[in-house]
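The following note was prepared for a colleague who wished to have the contacts in this model set out point by point. Please read it alongside the sequence and coordinates.

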Amino acid sequence: MKDLLKKLTETYGPSGNEEEIRRVIEEEMHEYVDEIDIDVMGNLIAYKKGNGQGKKVMLSAHMDQIGLIVTHIDDNGFLRFSNVGGISVLNTINGRVIFKNGIMGTVSYEEEIENIKDIKLNRMYIDIGASDREEATEKVSIGDVAVYYSPLAESNGRYIGGAMDNRAGCALLIKTIKELKDCKNDAYFVFTVQEEVGLRGAKTSAYAINPDVGIAVDVTSTGDTPKARTMAVKLGAGPAIKVKDGSVICHPKVKDLMIDRAEDIDIPYQIEVLEWGGTDAGAIHLTREGIPSGAVSIPCRYVHSANEMVDEKDLENGVKLLVKILENEIEL
Amino acid sequence: MNFKYGCEEGDSVESKDFLARLIDIPGVSGYEKEVSKEVSEVFKGYCDDVCIDDFYNVYGRKTRGTIEDKPKIMLAAHIDEIGLMVKDIDDKGFIKFTTIGGVDQRILLSQEVIVYGREPLFGVIGAKPPHLQERGERGTAVKIEDMTIDLGLPPQKVKELVRVGDIITFKSPLVSMQNNFVNGKSLDDRASVAVMLETMKELDKLNFNADVFFVATVQEEVGVRGATISTYGVNPDIGVAIDVTHGDTPDSPKEETNEMNKGPVICIGPNLHPKLSQQLIDVAEDYSLQYQLEVAPGPTGTDARAMQIIRDGIPTLLMEIPLRYMHTTVETLNMDNIEKAGRIIAFFIASMEEGWREWLSY
């Protein structure tokens, strides 16, 4: 798991620029599936045939990550930027970022600002060490996107890194693909694009696949850090079965099915009620005449920072749960 | 759409009795199964066909008429209600909760609730007695994060019977007031389901040429989700959303409210089809049916918002019932408006004749 997670979290792929991460994921799992397709949005769709009697299931993990998009390069070579997805000031100040071509930078803010509350993204800039505009434009252009630079670290059975949201989910799908033996259901594993900018990849891929059931795999927040908002999800206490978030109220039958399968294999699991946010299930379930959908979430601390933390056991149990769901009949 | 019930003529159902039954059935957004069942049972008495989809949207269908190119008309009224959901259970067995839909936290203290755990459990959202409050506490609103539900059960028992994600409804049965006014919870928008019922009854007295789908939609309160998928499925020529709108109260701006005794409200604005809206108004005028007009400058907060932009676009109308104290447990309305709205819609449907497509073109 560690090697896979390292490879996935350290590969570049902000929303709209998923080429590299798509290539890495495809390489990782193409031998284990029956068909692979890449649609016009850039969604990577891997199909694994069932035994002909099961349901058509779409499993979706978004492969894009949040980023900083260059909007202006000033005379002194500093880059102004805007956000691609949920980039917050607090998580970005004085952090390192990296562009697709490997150019590194640090992100700071106008020094005259005295109160940290007054810092907005438009008063921040990326410093790539260029001495003037000319030097900067040799390396970076307007429209280029940087992502947090964050090599994977391990501590006490937990992984810390950037883009755990949602490369951890991608890792879960890849492992599931590899470990599936007797797949009853027709499984479409979709590594979606542009989730962070509004569940956009899931919308088109769900329309094309038109599955019987949708399952999103993504990270969720936890309520187990000092003075955290109340939330009954902890790191290391098992994968979370989603009840709701801001984008979806999971179909009760899909939720109950997930609970039954988790109990069948006797893994720890948690129930997730997320009061904000959204995930691919939000787009999938409203496709066409409606697709009953749910989500398996990986508990993750510090979501949308450069140092998101997940627990190895949650990932392993998440794989077991997905494999069990797919290898059994899905009765709704 | 998989219609599976043939329907037989049933006993007639009074709208007020129907509403009284309906609002006692839990149907928090996403969990409408029970209320769907009740609605489908009543629809069966008035429709040719009834079915329920995977998301518990209910479809009743009535087809009449001899003209070849009959319009397919979809009426939509949502059956979901706002409510609460268990978020956590503390060590002493008090329940922490979150909201589903637009719950006003100021009305929560001292409400009676029902927690749908392994069995329905009665509880209260407690409030700190004035005697125990610290200086200044009475002047500030209690935050929802600080509220809990008390079931009167020991912690172990609560954890046995309740789990995170269980839904919670308010306990507030229908109360008859004076002057044919009633109050209760979730009249938004079960009242409009009663409008559909009145429309069915009225249509039974009329000749009409149309294929009418009465759709009781789910998940409106969390983003018009049931209307999104059901409209895609029905793919109607014309959509008619039915919902509640604000009734006049002393503390509300006059320009955003409607009178309680002057009939149902026809809403106009960019979300609604201008020519069809005019047709609806003309029908009301021609038959001297009482109505009021309301303007929505942008997308409305109703199923019409979704319906209008499904597939290649659906010409959509919006009929509304004035209702006071929206999203509280004492939502108040005048029952007369329900019957009147049903009549206008039925007469509108009956006004469709050869050449109706003209009304849709600009």
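This is a predicted model: local features need pLDDT of at least 70, side-chain atom pairs count only at pLDDT 80 or more; totals for chains, interfaces and linings use all residues.

1. Domain division in chain B. Domain 1 of chain B is made up of two segments, 5–81 and 185–360, while domain 2 covers 83–170. The C-alpha centres of these two domains of chain B are 33 Å apart.

2. Extent of the interdomain contact. Within chain B, 11 residues of domain 1 touch 13 residues of domain 2. Between them the two domains of chain B bury about 980 Å², and carbon and sulfur atoms account for 71% of that area. On the domain 1 side of chain B, B:V28, B:H327 and B:T329 contribute 44% of the area buried against domain 2, more than any other three residues.

3. Sorted by class, the face that domain 1 of chain B turns to domain 2 holds 4 nonpolar, 4 polar and 3 charged residues.

4. Extent of the interface between chains. Chain A gives 26 residues to the contact and chain B gives 25. The area buried between chain A and chain B is about 2,300 Å², with 60% of it on carbon and sulfur atoms. Of the area that chain A buries against chain B, 27% is supplied by A:T230, A:I249 and A:E289, more than by any other three residues.

5. The interface of chain A with chain B has 1 salt bridge. It joins B:K87 to A:E275, with the closest N and O atoms 2.7 Å apart.

6. Elements on the chain A side. β14 (240–244), α6 (252–264) and β15 (270–273) of chain A are the elements that each place two or more residues on the side touching chain B. The largest share, 4 residues, comes from α6(A). By class, this side of chain A comprises 14 nonpolar, 6 polar and 6 charged residues.

How values were computed:
Residues are numbered from 1 along each chain as its sequence is written. Chains are lettered from A and ligands numbered from 1 in the order in which they are written. Side-chain values use heavy atoms; hydrogens and water are left out. Domain bounds come from an automatic or database domain assignment. Contact means heavy atoms within 4.5 Å. Buried area is the accessible area (1.4 Å probe) that two parts lose on being put together, summed over both. Ala, Val, Leu, Ile, Met, Phe, Trp, Tyr, Cys and Pro count as nonpolar, Asp, Glu, Lys and Arg as charged, and the others, Gly among them, as polar. A salt bridge is a side-chain nitrogen of Lys or Arg within 4 Å of a carboxyl oxygen of Asp or Glu.
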